Amino acid sequence: MTSQGSRKAVVFFEVEILDAKTKDKLCFLDKVRPLHKYYPQWYAARQSIRLDPKGKSLKDEDVLQHLPVGTTATFYFRDLGAQISWVTVFLTEYGGPLLLYLMFYFRVPFIYAPKYDFTTSKHWVVHLACMCHSFHYLKRLLETLFVHRFSHGTMPLRNIFKNCTYYWGFAAWMAYYINHPLYTPPTIYGEQQVRIALVIFLFCQVGNFSIHIALRNLRPPGSKTRKIPYPTKNPFTWIFLLVSCPNYTYELGSWFGFTLMTQCLPVAFFTAVGFIQMTVWAKGKHRSYLKEFRDYPPLRSPILPFVL
Amino acid sequence: MIGVSPSRAHSNLFRCSKYFIFFSRWLVLAMAMMRFYLQKATHKGLYKSIARTLKFFQTVALVEVGHCAIGIVRTSVIVTGVQVCSRIFMVWFITNSIKQIQNEESVILFLVVWTLTEITRYSFYTFNLLNHLPYFIKWARYNMFIIMYPLGVAGELLTIYAALPFVRKTGMLSMRLPNKYNISFDYYYFLIIVMLSYIPLFPQLFFHMLRQRRKVLLGEIIVEKDE
């Protein structure tokens with residue numbers, strides 16, 4: 001939050017900051033100094049400043065002059081808890097599955113019976129699955145480093161434990177069965193099933209990447225502007241005509257392809273849980289698009305065309 | 001129920017009668033148990049005689065979770081959900097499926113505990129809705145759990161522990177590799193994990209009830225920790 005000096009007359013603001021829960025006065029600023037000079041443990045990313053104890057946080061870009069306050073402004077402070085940067089979280093939660101899966105693929109000791117240590121599977125679909133899985137997480141890591149533009153710098157620290165448990169746990173569970181010496185390759189449609197699954201998987205990977213690039217190009221570097229995404233020349237983005245969050249649609253497609261390829265129930269569970277979570281996120285995003293833009297295209301659904 | 005709008009009064013009456021029905025069913029169950037014990041002077045075979053009724057009740061208790069989800073009752077969904085799930089699990093997956101343990105003392109223990117707890121709870125809900133709550137029912141609801149909870153947990157854990165050898169021997173509900181779904185499940189180890197999960201879950205439920213007790217009986221104001 002910044003305070004601008006007016007050009008015509010000098011307007012002085014007095015700012016008091018109260019704790020949102022106990023209403024204790026934390027500081028009273030007649031010269032505006034950053035909050036964490038008074039309370040060093042509450043660095044900027046942890047601060048939530050709001051006009052109303054139960055209201056929404058003010059943004060960094062908000063200007064004191066433009067807020068509905070009198071000459072003595074009262075703000076409420078909330079400690080958001082220890083924070084960690086999004087990039088750190090993403091790198092950790094994606095790096096884990098990449099490494100864990102490879103450990104199972106190479107049959108590192110103490111996972112399977114000792115006679116199988118460091119052996120490789122005789123099924124070609126197992127090698128294919130390893131390549132696909134590794135490619136997927138490698139792509140995610142590279143996108144985190146070079147493609148994504150994050151609106152918030154940080155998230156609460158406890159999220160990293162929750163997210164890593166989810167990603168690492170599921171990756172280990174899937175990898176255990178796919179790389180097991182007693183793994184059964186797809187039986188329903190055999191090789192044809194694996195081929196179709198691979199096509200679906202690759203198609204959705206390219207699609208997902210195209211959407212990420214399109215979303216990145218919506219937002220100039222360093223800015224936090226929000227715009228409606230539209231189809232570009234890339235055919236993979238034409239799905240924007242029907243869906244608000246096609247990145248999730250393609251992600252679901254990728255995992256569906258992987259499930260088909262491996263015919264492994266733990267993978268199906270992972271796909272199902274991911275689908276539920278992504279639908280929740282897509283609906284939220286769709287709702288905020290509708291709220292923010294009057295002219296939002298009415299034909300779009302959150303995640304599945306016409307359906308969801 | 002003066003001062004309540006007609007539609008509200010209507011739904012209150014409906015809920016009230018539902019709770020009364022639940023309450024009376026548990027009472028019937030309790031009386032069936034007592035009569036059996038007095039007649040036969042043993043607890044063997046007791047489970048079998050009440051099995052069907054018990055299974056029905058516990059499954060119907062799923063409704064409770066729905067209530068919390070919609071907000072009719074003020075307990076949290078998770079707390080009630082965990083309780084109902086553990087009860088259904090005990091009834092359907094342990095005592096119903098493993099005949100050999102149905103005569104264990106631990107089964108009687110948790111059955112008695114559940115019956116007493118539910119009778120107290122539903123009479124509390126019923127009278128609460130009628131706005132004529134006798135103090136002794138409120139006292140019972142918020143004090144009996146201090147003994148009932150640990151006893152109930154002990155009964156459940158001992159029952160699961162007694163069931164383990166039979167699960168191992170019969171390999172029930174387990175699936176081995178290789179199979180075309182590429183998944184395996186060992187019910188024996190699953191039960192061990194369930195037993196271990198009581199360690200973090202039971203204190204949470206217990207302290208939740210203790211906090212409720214302080215709020216309701218002692219009138220303390222507790223500032224809830226957000227997030």
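The model is predicted, local features need pLDDT of at least 70, side-chain atom pairs count only at pLDDT 80 or more, and totals for chains, interfaces and linings use all residues. Residues are numbered from 1 along each chain as its sequence is written, chains are lettered from A and ligands numbered from 1 in the order in which they are written, and side-chain values use heavy atoms, with hydrogens and water left out.

**View 1. Helix 3 and helix 5 of chain A are roughly parallel.** The axes of helix 3 (residues 124–146) and helix 5 (residues 190–218) of chain A come within 12 Å and cross at roughly 5 degrees. Axes are lines fitted to C-alpha atoms, for helices over the stretch in contact, and angles run from 0 to 180 degrees between N-to-C directions; helices (H or I, at least four residues) are DSSP runs numbered from the N terminus. Contact (heavy atoms within 4.5 Å) involves residues including A:W124, A:L128 and A:F135 in helix 3 of chain A and A:V194, A:L198 and A:F201 in helix 5 of chain A. The contact residues divide into ten nonpolar, four polar and four charged, where Ala, Val, Leu, Ile, Met, Phe, Trp, Tyr, Cys and Pro count as nonpolar, Asp, Glu, Lys and Arg as charged, and the others, Gly among them, as polar.

View 2. Among the contacting residues are A:W255 and A:F256 of helix 6 and A:F270 and A:W281 of helix 7. Twelve of the contact residues are nonpolar, three polar and one charged. In the loop between these two helices lies A:Q263, which has a positive phi of about 45 degrees although it is not a glycine.

**View 3. A salt bridge joins the side chains of A:R140 and A:E251.** The N to O distance is 2.6 Å, within the limit of 4 Å from a side-chain nitrogen of Lys or Arg to a carboxyl oxygen of Asp or Glu. A:R140 belongs to helix 3 of chain A and A:E251 to helix 6 of chain A, so the pair ties together parts that are 111 residues apart in sequence. Over all chains, the structure has four salt bridges.

**View 4. Ten residues of chain B contact 15 residues of chain A.** The two chains bury about 1,200 Å² between them, 53% of it on carbon and sulfur atoms; buried area is the accessible area (1.4 Å probe) lost on being put together, summed over both parts. The side of chain B that touches chain A has four nonpolar, three polar and three charged residues. Zero salt bridges are found across this interface.

**View 5. A cis peptide bond joins B:L177 and B:P178.** Omega is about -10 degrees. B:P178 is found in the loop between helix 7 (145–170) and helix 8 (187–217) of chain B.

Terms used:
Angles under 35 degrees count as roughly parallel, over 145 as roughly antiparallel, 65 to 115 as roughly perpendicular and the rest as oblique.
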